[in-house]
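Reader: I would like to go through this model term by term, setting each value against the definition behind it. Could you take my questions in turn?

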Amino acid sequence: MSGHSRRSIGVLTSGGDAPGMNAAVRAIVRTAINLGHDVYAIYEGYQGMVDGGNFIRRMTWGSVGGIMHQGGTVIGTARCAAFRTRDGRRQAARNLLEHGIDSLIVIGGDGSLTGANIFRQEWPELLEELVQRGELSRKKADAHRELRLVGLVGSIDNDMVGTDMTIGADTALHRITAAVDAIASTAASHQRVFVIEVMGRHCGYLALMSALATAANWVLIPESPPEVDDWEDEMCRALRAGRETGRRHSIVIVAEGAQDRFGNPITSQYVQKALEERLGEEVRVTILGHVQRGGAPSAFDRNLGTLMGYAAVECIVSEEAREPLLIGIRENRLVHAPLMACVEATQEVARAIEAHDYNRAMSLRGGSFKDALRTFRTLVQAYPRKPEPGQKRLRFLVMNCGGPAPGMNTAVRAAVRLGLDKGHIMLGARNGFRGLLRDDISEMDWMSVSGWVSRGGAELGTSRKIPAESDLPKIAQVLEAHGVQGLLIIGGLSGYQAAHLLFTHSNQYPAFNIPIICMPASINNNLPGSEHSIGADTALNSIVMDVDKIKQSAVASRRCFVVEVMGRYCGYLALMSGLATGAERIYLHEEGLTLKDLQDDLASLVKGFEQDMRLGLIIRNEDVDPFYTTSFIASLFEKEGGGLFNVRQTILGHVQQGGDPSPFDRIQATRLAARCMEFLIAEAGRVSPAGAFIGLQAGQVTFTSLGDLPRLLDSEFGRPKEQWWLSMRPIASILARPRTQ
Ligand code: ADP
């Protein structure tokens with residue numbers, strides 16, 4: 001133990017359960033133990049705190065093993081009427097102090113956090129009452145005069161101010177997206193209309209984002225009710241027009257709290273009736289209900305819960321938690337903010353909706369929510385708007401480059417439709433520069449990208465071909481022949497390098513003096529100028545789900561797995577999947593791997609298996625070291641493990657590049673494509689148009705000049721010189737093993 005005093009920390013989950021809560025509990029318990037504190041789980045939410053006894057249990061390293069992949073919360077949650085009373089809270093205080101607990105980490109929604117705050121405010125008085133009643137000694141009361149409180153938001157609704165994402169929302173989006181994709185296929189077979197109701201009483205996040213991710217045809221959310229009185233007619237016109245263009249199904253997503261601008265609820269049954277009457281078609285309703293809450297947490301929610309849990313303990317043992325704090329993630333970084341300010345701001349949104357002040361509700365939701373709604377409203381149109389009379393129609397070329405990344409199709413679809421809607425002509429080159437050099441280019445119309453939103457792979461084709469300087473005259477000739485006035489390259493490093501080549505030769509070739517924009521799409525997440533690249537989230541989820549299965553296969557046998565994941569020289573997939581699956585060891589190229597590392601790790605595995613360890617997991621980045629290969633490590637550990645455990649290797653391979661894009665990848669692909677088209681249109685009129693790569697940095701969409709590529713890129717290893725996610729490395733290490741091992 002270092003200088004600080006040993007604390008007893010209690011953790012509970014309360015209110016609605018949310019996938020990812022287990023990851024938070026695990027991280028809280030293990031971080032607390034490794035920092036030398038005692039940690040207790042309070043089972044069944046506040047009810048367990050009021051009832052005490054066996055509901056409050058000391059946790060060990062092992063007691064939170066094997067829980068991260070489970071949905072819900074293994075320590076239980078409840079709604080508790082008694083905690084709303086002072087008597088109940090006094091009893092709760094007494095029960096906590098039986099274990100010396102005076103630090104509390106509450107994982108729940110705004111209701112639970114409000115309750116926790118009241119409890120904290122009353123704490124000194126509750127203790128005084130307990131002393132008066134003879135239920136607590138004065139000495140003990142004096143030793144625990146204040147209650148430290150840190151809150152984490154577990155809520156599938158993503159409805160909390162103070163954090164960009166709540167624990168559980170991403171998983172709920174996975175569930176909804178999978179359900180809507182499934183319904184879309186049956187709806188298309190029968191040419192049917194479906195109304196799908198999703199959760200969200202005051203918050204349209206799940207409805208809007210799932211509508212964007214599944215290319216639903218209409219959405220109704222609480223914060224932004226239809227603006228016109230005859231909105232039913234407007235909706236039906238849009239759906240009818242979609243049918244006329246050949247679309248075989250229509251999907252309307254309704255948030256459970258949807259309402260009209262006078263505050264009257266818009267139920268899914270009402271929408272069904274309105275559609276049936278006006279369209280004369282059979283309309284089915286599916287209320288997704290509790291499937292949205294259930295199931296295994298997504299990779300993002302596991303890591304969000306883990307990082308927030310870690311940060312919560314750090315806060316609670318520091319002086320910062322003298323005030324109650326809320327841990328959040330803002331602009332892709334962990335932050336903390338005064339708890340009650342966040343809770344009050346959250347409740348403000350609900351009040352604004354109740355007061356029919358929708359502008360205020362929308363502005364409280366923030367810029368990217370508004371952007372998403374705007375993009376959705378453009379994409380749901382059945383036809384592009386007619387160009388303005390006399391409008392200049394520009395010709396833009398779209399292509400993929402590099403390895404296939406899930407989300408490429410989503411991006412092409414959005415770019416083509418948004419470009420057409422602005423009155424421009426969209427061309428597609430097949431198979432990247434390989435196709436372009438063969439003049440394999442054709443015009444893309446609105447329906448040519450129908451159904452692409454959810455499709456994995458790359459319909460337009462892609463290739464890793466980076467043109468040589470000798471190819472440039474031919475490329476210039478093809479671009480000129482098609483009158484290309486702007487170029488969008490969706491892909492990985494080879495696309496960036498190709499774009500850079502054209503950009504730096506624009507003086508010699510007038511055909512290259514056009515705006516060029518690259519959009520990061522690579523499962524490796526190894527592109528400069530962006531913290532996320534399209535496809536990486538899908539790959540990460542695919543790895544995590546596969547590792548879950550691998551771990552289950554080892555039940556009851558003492559086994560160590562060495563799992564090799566993709567990423568080339570970039571350890572992003574390895575680190576993030578290791579964090580999300582609780583790997584004991586993660587080998588990254590950025591850190592290298594020595595014989596000494598392997599020996600130390602072997603020794604600690606042996607020690608672990610000699611005690612009560614049943615399963616070991618090592619994640620190895622494919623290019624970590626050319627000599628210490630996956631099979632070498634497996635053989636070494638098997639031989640030197642002395643029969644204490646056996647070792648299996650799994651090379652996950654190309655499953656990582658496949659699969660339908662995750663909701664996050666679809667949403668970001670759409671968002672970035674919209675901004676890429678705005679960029680191309682704005683730059684096309686300039687004398688010296690810019691070349692850039694777009695990215696997501698600190699939660700914002702950013703543009704970096706193509707000229708900066710050499711400065712930002714570690715060209716030897718094909719990855720950015722600075723990699724933000726490496727800051728999470730120490731957390732993965734802390735959670736991997738108890739200090740003693
Ligand atoms: P959520 O945390 O998901 O918003 P609830 O609003 O149902 O869920 O709150 C969960 C529990 O938190 C309640 O059952 C109650 O025990 C406690 N709680 C909520 N609000 C208060 C309050 N104002 N005072 C005391 N306890 C509260």
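Predicted model: local features only at pLDDT ≥ 70, side-chain atom pairs only at ≥ 80, totals over all residues.

Reader: Why is Arg 568 called partly exposed?

Author: Buried means under 20% relative accessible area, exposed means over 50%, and partly exposed is what falls in between (1.4 Å probe, protein chains only). Arg 568 has a relative accessible area of 44%, and therefore counts as partly exposed.

Reader: What makes the phi of Arg 568 worth a remark?

Author: Most residues other than glycine have a negative phi. The phi of Arg 568, in contrast, is near 50 degrees, a positive value in a residue other than glycine. Asn 525 also has a positive phi, near 50 degrees, and is placed in the loop between β16 (516-520) and α18 (536-553).

Reader: Is Asn 525 buried or exposed, and how do you know?

Author: Its relative accessibility is 4%, so Asn 525 counts as buried.

Reader: What makes Pro 406 a buried residue, and which residues is Pro 406 in contact with?

Author: Pro 406 has a relative accessible area of 0%, and is therefore buried. Its place is the loop between β12 (395-401) and α14 (408-421). Contact means heavy atoms within 4.5 Å, and on that criterion, leaving aside neighbours within four places in sequence, the residues in contact with Pro 406 include Ile 523, Ile 534, Gln 657, Pro 661 and Asp 665. Pro 406 and Arg 120, on the other hand, are 286 residues apart in sequence and 47 Å apart in space, C-alpha to C-alpha.

Reader: Why is Ser 155 called buried, and where does Ser 155 lie?

Author: At a relative accessible area of 9%, Ser 155 is therefore buried, and its place is the loop between β5 (148-153) and α6 (169-190).

Reader: How do you know which class Arg 86 belongs to?

Author: Arg 86 has 29% relative accessibility, and so counts as partly exposed. Arg 86 sits in helix α3 (residues 86-98) and touches Glu 122, Glu 125, Leu 126 and Glu 129, when residues up to four places away in sequence are not counted.

Reader: Why are α7 and α22 called roughly perpendicular?

Author: Axes are lines fitted to C-alpha atoms, for helices over the stretch in contact, and angles run from 0 to 180 degrees between N-to-C directions. Angles under 35 degrees count as roughly parallel, over 145 as roughly antiparallel, 65 to 115 as roughly perpendicular and the rest as oblique. Helix α7 (residues 205-214) and helix α22 (residues 663-684) pack at about 80 degrees, with their axes 9 Å apart, and the two are therefore roughly perpendicular to each other. Met 209, Leu 212, Ala 213 and Thr 214 in α7 meet Pro 663, Arg 666, Ile 667 and Thr 670 in α22.

Reader: How do you know that the radius of gyration agrees with a compact globule?

Author: The radius of gyration is taken over C-alpha atoms, and the globule rule is 2.2 Å times the number of residues to the power 0.38. For 741 residues a compact globule would be near 27 Å, and the protein chain has 27 Å, so the value agrees. Buried residues make up 61% of the 741 residues.

Note on methods. Residues numbered from 1 in each chain as written. Heavy atoms only, no water. Helix = DSSP H or I, 4+ residues; strand = E, 2+ residues; numbered from the N terminus.
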